[in-house]
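Please look at the sequence and the structure first.

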Amino acid sequence: MVHVLTSVLKKVHRALRAGGGVLIIQPAPLASIVAVEVAGVAEFCEEFEGPNFRRYLVANGEAIRRAVDEGFFAIDTEGTTPGEGLYHCRSYDSVDEWIADHQSFCEDVEEVEAMSDRIHDVVGPRTHRVLEYYREYRALLRKP
């Protein structure tokens with residue numbers, strides 16, 4: 001997979017003018033936090049250790065490093081946002097909506113199912129909202 005992503009970055013390199021850039025934004029390969037609210041009150045909160053598509057995130061990181069090492073790009077800026085202790089938040093109207101969003105990309109479907117079972121045990125048939133807190137990795141690469 002890394003060789004495919006490296007090939008894509010090389011094609012982007014060929015398409016850019018000197019000094020041109022490409023911004024890469026993806027989830028950071030860190031655990032997210034899943035919380036569930038019922039009537040505005042948090043009733044469930046756990047770290048989700050099986051982030052979606054972890055192998056893709058790792059492969060993207062390796063492809064970026066290869067492209068930089070081979071001189072196709074230089075890293076202009078790189079980092080995880082937001083800062084320490086802060087998170088982006090994605091909201092879902094139900095655990096079923098959260099599951100649907102995660103199943104197609106998740107490597108560990110059993111972990112998604114286990115967490116959804118724990119959430120269902122807590123909320124039962126009550127109307128609820130799932131909040132997922134996560135961080136993003138961003139890299140701005142410049143063509144030398």
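Cys89 is partly exposed, with a relative accessible area of 41%; the class covers values between buried, under 20%, and exposed, over 50%, with a 1.4 Å probe and protein chains only. Cys45, by contrast, is exposed, at 56%. The model is predicted: local features need pLDDT of at least 70, side-chain atom pairs count only at pLDDT 80 or more, and totals for chains, interfaces and linings use all residues. Residues are numbered from 1 along each chain as its sequence is written, and side-chain values use heavy atoms, with hydrogens and water left out.

| Residue | Relative accessible area | Class |
|---|---|---|
| Cys45 | 56% | exposed |
| Cys89 | 41% | partly exposed |

How many disulfides does a search of the whole structure find? The search finds zero, where a disulfide is a pair of cysteine sulfur atoms within 2.5 Å. The cysteine sulfur closest to that of Cys45 belongs to Cys89 and is 11 Å away, which is too far for a bond. Cys89 is likewise in no disulfide.

Cys45 has its place in strand β3; strands (E, at least two residues) and helices (H or I, at least four) are DSSP runs, numbered from the N terminus. Apart from neighbours within four places in sequence, Cys45 is in contact (heavy atoms within 4.5 Å) with Ile33, Val34 and Ala35. The C-alpha atoms of Cys45 and Ala35 are 4.2 Å apart, although 10 residues separate the two in sequence.

**Fold and strand pairing**

The protein has four helices and seven strands, in the order α-β-β-β-α-β-β-α-α-β-β along the sequence. Its radius of gyration is 18 Å, well over the 15 Å that the globule rule gives for 144 residues, so the protein is more spread out than a compact globule. This radius is taken over C-alpha atoms, and the rule is 2.2 Å times the number of residues to the power 0.38. The C-alpha trace spans about 55 × 30 × 20 Å along its principal axes.

Strand β6 (residues 129-134) pairs with β2 in the antiparallel sense over five bridges; pairing requires that DSSP find at least two bridges between the strands. In β6, Leu131 stands opposite Ala35. Strand β5 (residues 88-92) also runs antiparallel to β6, joined to it by five bridges, and Arg90 stands opposite Glu132 in β6.

**Burial and cores**

Of the 144 residues, 37% are buried. Among contacts between residues at least 6 apart in sequence, 82% join residues at least 24 apart.

The largest nonpolar core holds 15 residues, of which Val34, Phe48, Trp98, Met115, Ile119 and Val130 touch the most other members. Such a core is a set of buried Ala, Val, Leu, Ile, Met, Phe, Trp, Tyr and Cys residues joined through side-chain atoms within 4.5 Å. Two or more of its residues come from each of β2 (32-38), β3 (41-48), α3 (95-103) and α4 (109-123). The largest share, four residues, is that of α4. Another core lies apart from this one and has 11 residues, including Ile64, Phe73, Tyr137 and Ala139.

Beyond residues up to four places away in sequence, Val130 touches Val34, Ala35, Val36, Arg90, Ser91, Tyr92, Ser94, Val95 and Trp98.
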